[in-house]
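Thank you all for coming. I would like to take you through one structure this morning, beginning with a term we shall need and then moving from the inside of a chain to the place where the chains meet.

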2 protein chains.
Amino acid sequence: MIWADRRLCDLLGIEHPIIQAPMSGSATPTLAAAVSNAGALGSLGCAEMSVEEFRAAFAEARALANGPINVNFFAHISPRADGGGLARARDFLKPIYAEAGLLEIPPWPQTIRAFDATILGPLLEAKPQIVSFHFGLPSPQAIRALKAQGAVILSTATTTAEARDLEARGADAVIAQGWEAGGHQGRYLSDQPAQIGTLVLVPQVVDAVQVPVIAAGGIADGRGIAAALALGASGVQMGTAFLWTDEAKVAPARREAMRRAGAGDTAMTKGFTGRPARAIVNRFVEAMAPHEDDLPPFPLLDGLTLPLDIAGATAGAPDYMGLLAGQSVARNRQGGAAELVETLAAETAAAIGGVAA
Amino acid sequence: MIWADRRLCDLLGIEHPIIQAPMSGSATPTLAAAVSNAGALGSLGCAEMSVEEFRAAFAEARALANGPINVNFFAHISPRADGGGLARARDFLKPIYAEAGLLEIPPWPQTIRAFDATILGPLLEAKPQIVSFHFGLPSPQAIRALKAQGAVILSTATTTAEARDLEARGADAVIAQGWEAGGHQGRYLSDQPAQIGTLVLVPQVVDAVQVPVIAAGGIADGRGIAAALALGASGVQMGTAFLWTDEAKVAPARREAMRRAGAGDTAMTKGFTGRPARAIVNRFVEAMAPHEDDLPPFPLLDGLTLPLDIAGATAGAPDYMGLLAGQSVARNRQGGAAELVETLAAETAAAIGGVAA
């Protein structure tokens, strides 16, 4: 009703062209359902879930939601060997653990999972309407099987080359994720972070592909949504804005760190998992900076750094936690997720209406 | 006529809310006049000009232009000592000069000048309508003298703190310069680059100050201008887009490097002058990366690196040149500057019209 481009809304079966980012670990079934019921697309980040956890979370979200729910997976290839990287990481993590007041690095399971045959079957059984991927796309067979039962496929590009690759491999829409975005960059055709700002990336991706483009990175309010639409995007994906809502699972220490952060207080780091992710700069991010070029292959490092995050959350001490957030973190609006969606839609209409003479 | 917000157009006495960035060394009087005559604001970068060169360039631009011309200066404080940095830089530049095929580092004058009493007198005599600054603002006395004769004062902010500071010190409008921008960051309250994307910075600056905000960084076409207006900016400043025009002074080797560059081929470097600037990555940028934290104070390094730029331009070899450009460099449109302004205005109207239902 407000925006001329209905392609994304029609593709996803939603009213507002807004996707709540999947934010593995923070996006709860309650959040996804609240967003869905408000007319936007709610998402569940499933990359750290077991099959059983996925089934339960998706069932819960679907039971609560009237609209579609997006489920997100990581499409990287699991590494077969670590090249000694884990042992080296244990060595340089020891003093960091000591700084954090922990005596030793505890044994910890690797929780980030690659999308593979183990999850494909249960996913097909669950018949999701929308499946989004980070770090590329899974096998052609998996894409075909999902599309055969009507699933819409989304994935993330951080360059025009990645956008073209995703379109060629069957993505129904491409998320153009700029430098400002919080959490992991979806970058997969290189292990170096793409530094391209959302304002530059979006129109270039729009020109490079035929499918609808979803702008992500640095969009915090309706002005940002209107800007994304002006750049040619058919919609937006927003993470950090929803991290502030009541329904998101965010440890109090992380929320307090977010409250104190300005736009310049986040940085891109490989220090949590081995792949570039944007987080609020804390002592951990600083301590890992010298080791950026000698990390075990993604996602192995996560098993060594997650205990620090959990210990920090328990102790209420954010210095060694994973404070993933985007540059728009300073635009903090607390409240319910449905209220946020309504506010964003109204702001977008106002921003669009305010530009033209 | 197209956009609702007329504040910047009224302040500057222009028709289109577009400022051609001053681009010291590349923005010619012909370029500034062509932009001015097309209804936007043409600018002259005067930071590397002697008083005589400034007088001549401004007189030439004004003779050719029907509208106002903006003159730009650098407001940094000249360093009194180099802390031994120049000698250390000579040492690590020797092998880089050798790589470039030059036998020795020639004696070279420092061409970047701080705005001071030497230029204030001639500037007041020239009675410019608009004066913009980079790296803060000059003394309160200088600002008062310029404003007393009716000059409009602009300066650049890369954070909300800088925007508030500039407004408090008398800036009539603030240029919010994001991470994507080519050339020197205007950052002056820190010597570390601000990494805040234009999409994030602009609405934050709009909320932080009362004066009109000019968006800069990554804006390449009318979609970007419409996006900036949606974010709350009253206008835009564009550099790289005008670097492509016939009237810009760009060595053929630099133009060829720009033609080959994509959005991901630029990086922020201190390697040219000691302050962060965005340029196309070439061998020189890579060779300087290890020395970023041990450079002489701005702008002393420029006298040691400029000979490499000039030699490269002469030889048609871009590897050691200063290829300053923004992330939007891949959006290359050649032609006349007046034609570009008309195209941008038409595209902006189309982008605004295309968003609303």
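Let me begin with burial: a residue is called buried if 20 or more other C-beta atoms lie within 10 Å of its own, exposed if 12 or fewer do, and partly exposed in between, with the C-beta atoms placed from the backbone. Helices (H or I, at least four residues) and strands (E, at least two) are DSSP runs, numbered from the N terminus. What you see is a predicted model, in which local features need pLDDT of at least 70 and side-chain atom pairs count only at pLDDT 80 or more, while totals for chains, interfaces and linings use all residues. Residues are numbered from 1 along each chain as its sequence is written, and chains are lettered from A and ligands numbered from 1 in the order in which they are written.

With that in hand, consider helix H2 of chain A, residues 29–37, which is mostly covered, seven of its nine residues being buried. Those buried in H2(A) are Pro29(A), Leu31(A), Ala32(A), Ala33(A), Ala34(A), Val35(A) and Ser36(A). Their cover includes strands S1 (18–20), S2 (42–45) and S3 (69–74), together with helices H3 (51–64), H10 (240–243) and H14 (337–355) of chain A. Just after H2(A) comes Gly39(A), with a positive phi of about 100°.

Met23(A) counts as buried because it has 23 C-beta neighbours inside 10 Å. Phe135(A), likewise not a glycine, has a positive phi of about 65°, and its place is in the loop between strand S4 (130–134) and helix H6 (140–148) of chain A. Most residues other than glycine have a negative phi, and most peptide bonds are trans.

Now, how are the two chains related? Chain A can be laid on chain B with an RMSD of 0.0 Å by a turn of 180° and a shift of 0.0 Å along the axis, the copies being superposed by least squares on the C-alpha atoms of residues with pLDDT of at least 70 in both. That is the relation of a two-fold axis. Of the residues of chain A, Ala227(A) comes closest to the rotation axis, at 1.9 Å for its C-alpha.

How many residues meet across the interface? In chain A, 40 residues are in contact with 40 residues of chain B, where contact requires C-beta atoms, placed from the backbone, to lie within 7 Å. On the side of chain A that touches chain B, helix H8 (198–208), H9 and H14 each supply at least two residues.

Finally, the axes of H9(A) and H9(B), residues 222–230 in each chain, come within 8 Å and cross at roughly 170°. The two helices are therefore roughly antiparallel to each other, a term for angles over 145 degrees, as against under 35 for roughly parallel, 65 to 115 for roughly perpendicular and the rest for oblique. Arg223, Ala226, Ala227 and Ala230 make this contact from H9(A), as do Arg223(B), Ala226(B), Ala227(B) and Ala230(B) from H9(B).

Note on methods
Axes are lines fitted to C-alpha atoms, for helices over the stretch in contact, and angles run from 0 to 180 degrees between N-to-C directions. Two residues are in contact if their C-beta atoms, placed from the backbone, lie within 7 Å.
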